[in-house]
Amino acid sequence: MEKREWTESCVLCECYETRGIHILESFLCYRCEKAIVRLEPEDPEYLEAIKKLRKIKAATLLS
Ligand SMILES: [Zn+2]
């Protein structure tokens, strides 16, 4: 049987990955997911990631 694998564009790093999680309509690759989990809440990278995710959420709510 043919194994179908599709990739999705990650909302944070914008790379195409097959593995990851979905947050609302958006895709977050497993690497970014892990990275966010590891980051401290005070970390600028974490804040940046959250900001991006919030933007997506806002866009979803507006549409
Ligand atoms: Zn990613």
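Predicted model: local features only at pLDDT ≥ 70, side-chain atom pairs only at ≥ 80, totals over all residues.
Colleague: What is the volume of the largest pocket?

Modeller: Rolling a probe the size of a water molecule over the atoms shows where empty space is left. A volume is then the space filled by probe spheres set on the grid points. For the largest pocket, this comes to about 170 Å³.

Colleague: Which elements give two or more residues to the lining of the largest pocket?

Modeller: The lining includes Arg-31, Cys-32, Ala-35 and Ile-36, as well as Glu-45, Glu-48, Ala-49 and Lys-52. By class, the lining has 7 nonpolar, no polar and 4 charged residues. The elements that contribute two or more of the lining residues are helix 1 (30–38) and helix 2 (44–62).

Colleague: What pattern does the protein chain follow along the sequence?

Modeller: The secondary structure of the protein chain consists of 2 helices and 4 strands. Its C-alpha atoms fill a box of roughly 45 × 30 × 15 Å along the principal axes. Read along the sequence, the pattern is β-β-β-β-α-α.

Colleague: Which geometry does the site of the zinc ion have?

Modeller: The protein donors are the SG atoms of Cys-10, Cys-13, Cys-29 and Cys-32, which lie 2.2 to 2.3 Å from the zinc ion. The angles among these 4 donor atoms are 107 to 114 degrees. Four donors count as tetrahedral if all angles lie between 85 and 135 degrees. The site of the zinc ion is therefore classed, under that definition, as tetrahedral.

Colleague: How many residues apart in sequence are the parts that Cys-13 and Cys-29 tie together?

Modeller: The donor residues of the zinc ion follow the spacing C-x2-C-x15-C-x2-C. Cys-13 lies in the loop between strand 1 (8–9) and strand 2 (16–17), whereas Cys-29 lies in strand 4 (residues 26–29). The pair therefore ties together parts whose separation in sequence, in residues, is 16.

Colleague: Is Cys-29 buried or exposed?

Modeller: A residue counts as buried under 20% relative accessible area. Cys-13 has 37% relative accessibility and so counts as partly exposed. Cys-29, in contrast, has a relative accessible area of 0%, so Cys-29 is buried.

Colleague: Which residue in strand 4 is the bridge partner of Ile-23?

Modeller: Strand 3 (residues 20–23) and strand 4 pair in the antiparallel sense over 4 bridges. The two strands form a hairpin with 2 residues between them, and Leu-24 in the turn has a positive phi of about 55 degrees. Gly-20 stands opposite Cys-29. For Ile-23, the bridge partner is Ser-26.

Colleague: Is Glu-14 buried or exposed?

Modeller: Glu-14 is placed in the loop between strand 1 and strand 2. Its phi is near 65 degrees, a positive value in a residue other than glycine. With 56% relative accessibility, Glu-14 counts as exposed.

Colleague: How far apart in space are Lys-34 and Gly-20, C-alpha to C-alpha?

Modeller: Lys-34 is found in helix 1 and, at 53% relative accessibility, counts as exposed. In sequence, Lys-34 and Gly-20 are 14 residues apart. Their C-alpha distance in space is 9.6 Å.

How values were computed
Residues numbered from 1 in each chain as written. Heavy atoms only, no water. Donors = N, O, S within 2.8 Å, 3.2 Å for Na, K, Ca; no water. Tetrahedral: all angles 85-135°; square planar, octahedral: opposite > 155°, others 65-115°. Buried < 20%, exposed > 50% of the residue type's maximum accessible area, 1.4 Å probe, protein only. 1 Å grid on protein atoms, 1.4 Å probe; cavity = no way out; pocket = protein on both sides within 12 Å on 5 of 7 lines; lining within 4 Å. Nonpolar A, V, L, I, M, F, W, Y, C, P; charged D, E, K, R; others polar. Pairing = 2+ DSSP bridges.
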